[in-house]
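Subject: Structure handover

Hello,

Here is the structure I promised to pass on. Please open it first, then read the notes below.

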Amino acid sequence: MCPLLGSEHVDAGIRILVSREFLKAVENKVLLQRPTLRVDAAKVNPLCDSVLVIADHSIFPSVRGILKEDFCLSVEIKPKGGFLPTSDFIDEENAVKKRITRFKMHQALKLHDGVISQISKYDPLDLFSGSKDGVQNAIKCLFLTPQNNFRVFLNGSLIFGGMDGAAECVSYTVDQAFQDGIKRVIVAKDGMHSKYFLELVTETVMKSGLLNQLLEVQKLDSIDIEGAIHAYYDFVSLPCMVCRKKGENKLSGRYSSIHSMSKDAKLKLVRNYLISATGKDLSMMISFRPRKSKDVESPHRSVLLKEINQTFDYKASFIDLDMKPLKKMEYYYELDQQIVSCYVQMVKDDEAIQNGAVGIDGSLNSYIAKWK
């Protein structure tokens with residue numbers, strides 16, 4: 001991902017040799033910190049003989065021999081997919097994908113499955129809009145309903161947000177810890193720290209240009225999973241189960257242009273889809289610390305909050321860059337179909353309830369009422 005997202009923002013890590021005992025100890029420690037829903041999501045492979053050591057990007061690197069007492073505030077954002085697909089391979093019955101973001105539709109499925117209890121108002125299209133108003137609204141919505149898409153750290157310790165939907169909305173307890181933390185970094189009148197923090201995040205997201213690079217990576221998926229799945233079956237030399245289910249002829253049907261490609265071309269389609277999937281599921285970690293007047297030679301970029309005349313050093317990194325495995329292509333296709341089917345059914349149910357007056361917000365509200 002380094003060539004695609006920029007080496008400045010990607011930590012390639014350092015490979016070191018490890019023992020089986022070390023890996024087992026790591027797994028035991030991680031399991032204790034994971035929420036119940038994520039306990040079985042992934043396992044540490046004890047047969048590996050090496051690991052990648054990645055820096056903690058929620059803090060600024062320390063300089064040997066210099067004791068730093070500054071506070072560092074970091075925000076982790078999961079942007080999700082920032083564009084609507086236009087692929088001709090999207091089935092007509094799934095055309096809603098061309099109008100509604102995957103994130104919004106997935107929220108309905110998560111609500112149905114009990115993963116979340118509240119629909120987020122966050123719209124990834126706002127974050128990727130390039131408009132300050134759009135970015136500001138996206139950051140505000142993430143803050144109000146963080147789920148696992150917006151987290152804040154103070155000196156590396158979590159002070160806001162949660163894991164896998166655990167922190168669904170701002171509570172007094174969490175908010176108080178957050179307020180106490182940001183007061184150590186942002187100089188403002190009481191009651192104004194949150195406002196300026198969100199403005200700081202907005203300004204930095206706009207200035208960093210991270211989203212422009214990320215969007216280009218996401219758009220490597222040019223044919224959607226509904227097209228890429230056909231290339232996958234051919235590449236792994238398996239019968240195309242999608243064509244079989246739809247009653248399509250591989251060589252003369254709707255997807256014949258994919259099935260007639262060279263193996264190298266099919267590999268490129270699948271590879272680009274998997275790279276894009278990583279881009280849609282990664283996180284951005286942006287760290288801030290107040291810049292002091294004597295730090296004019298700081299190696300880090302800076303952002304100025306004019307309203308309070310305070311300048312901050314910042315550094316921005318992409319994290320959670322694990323490449324998606326080829327063997328999960330069928331799972332990605334099935335999940336995609338499940339997400340769309342659940343959302344479409346939600347809208348149909350809402351039409352019945354509202355006698356044809358359908359709106360996205362109304363649909364979600366009715367859906368919430370139905371499934372609670």
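Start with one residue and its surroundings. Asp 224 touches Pro 85, Ser 87, Ile 90 and Lys 97, leaving out residues up to four places away in sequence. Asp 224 belongs to helix α9, which covers residues 224-235. Its relative accessible area is 8%, and the cut-off for buried is under 20%, so Asp 224 is buried. Bear in mind that this is a predicted model.

Overall picture

The protein has 14 helices and 8 strands. It contains 372 residues, and 46% of them count as buried.

Helix α9 against helix α12

Helix α9 also packs on helix α12, residues 263-281. The angle is about 130 degrees and the axes are 9 Å apart.

The α9 side of the contact consists of Ile 225, Ala 228, Ala 231, Tyr 232, Asp 234 and Phe 235. On the α12 side are Lys 263, Lys 266, Leu 267, Leu 269, Val 270 and Tyr 273. By class, the contact of α9 with α12 has 9 nonpolar residues, 3 charged and no polar ones.

Helix α3 against helix α13

Helix α3 spans residues 102-112 and helix α13 spans residues 329-354. They pack at about 80 degrees, with axes 8 Å apart. The range 65 to 115 degrees counts as roughly perpendicular, so α3 is roughly perpendicular to α13.

From α3, the residues in the contact are Arg 102, Met 105, His 106, Ala 108, Leu 109 and His 112. From α13 come Leu 335, Asp 336, Gln 338, Ile 339, Val 340, Cys 342, Tyr 343 and Met 346. The contact of α3 with α13 divides into 9 nonpolar, 3 polar and 2 charged residues.

The sheet

Now the strands. Six of them form an open sheet, in the order β5-β4-β3-β6-β8-β7. The pairing is antiparallel. Strands β5 (157-160) and β7 (301-305) are the edges, and each pairs on one side only. From one strand to the next, the twist averages 35 degrees.

Look at β6 and β8 inside that order. Strand β6 takes in residues 283-290, and strand β8 takes in residues 310-319. The two run antiparallel and are joined by 8 bridges.

Tyr 314

Strand β8 also holds Tyr 314. Is Tyr 314 buried or exposed? Its relative accessibility is 4%, and under 20% counts as buried, so Tyr 314 is buried.

What does Tyr 314 contact, leaving aside neighbours within four places in sequence? The list is Phe 60, Thr 204, Lys 207, Ser 208, Ile 286, Ser 287, Phe 288, His 300, Arg 301, Ser 302 and Val 303. Among them, Ile 286, Ser 287 and Phe 288 fall within the residue range of β6. Arg 301, Ser 302 and Val 303 fall within that of the edge strand β7.

One distance to finish. Tyr 314 and Pro 299 are 15 residues apart along the chain, and their C-alpha atoms are separated by 9.9 Å.

Best wishes

Terms used: Residues are numbered from 1 along each chain as its sequence is written. This is a predicted model: local features need pLDDT of at least 70, side-chain atom pairs count only at pLDDT 80 or more; totals for chains, interfaces and linings use all residues. Side-chain values use heavy atoms; hydrogens and water are left out. Helices (H or I, at least four residues) and strands (E, at least two) are DSSP runs, numbered from the N terminus. Buried means under 20% relative accessible area, exposed over 50%, partly exposed in between (1.4 Å probe, protein chains only). Contact means heavy atoms within 4.5 Å. Axes are lines fitted to C-alpha atoms, for helices over the stretch in contact, and angles run from 0 to 180 degrees between N-to-C directions. Angles under 35 degrees count as roughly parallel, over 145 as roughly antiparallel, 65 to 115 as roughly perpendicular and the rest as oblique. Ala, Val, Leu, Ile, Met, Phe, Trp, Tyr, Cys and Pro count as nonpolar, Asp, Glu, Lys and Arg as charged, and the others, Gly among them, as polar. Two strands pair if DSSP finds at least two bridges between them.
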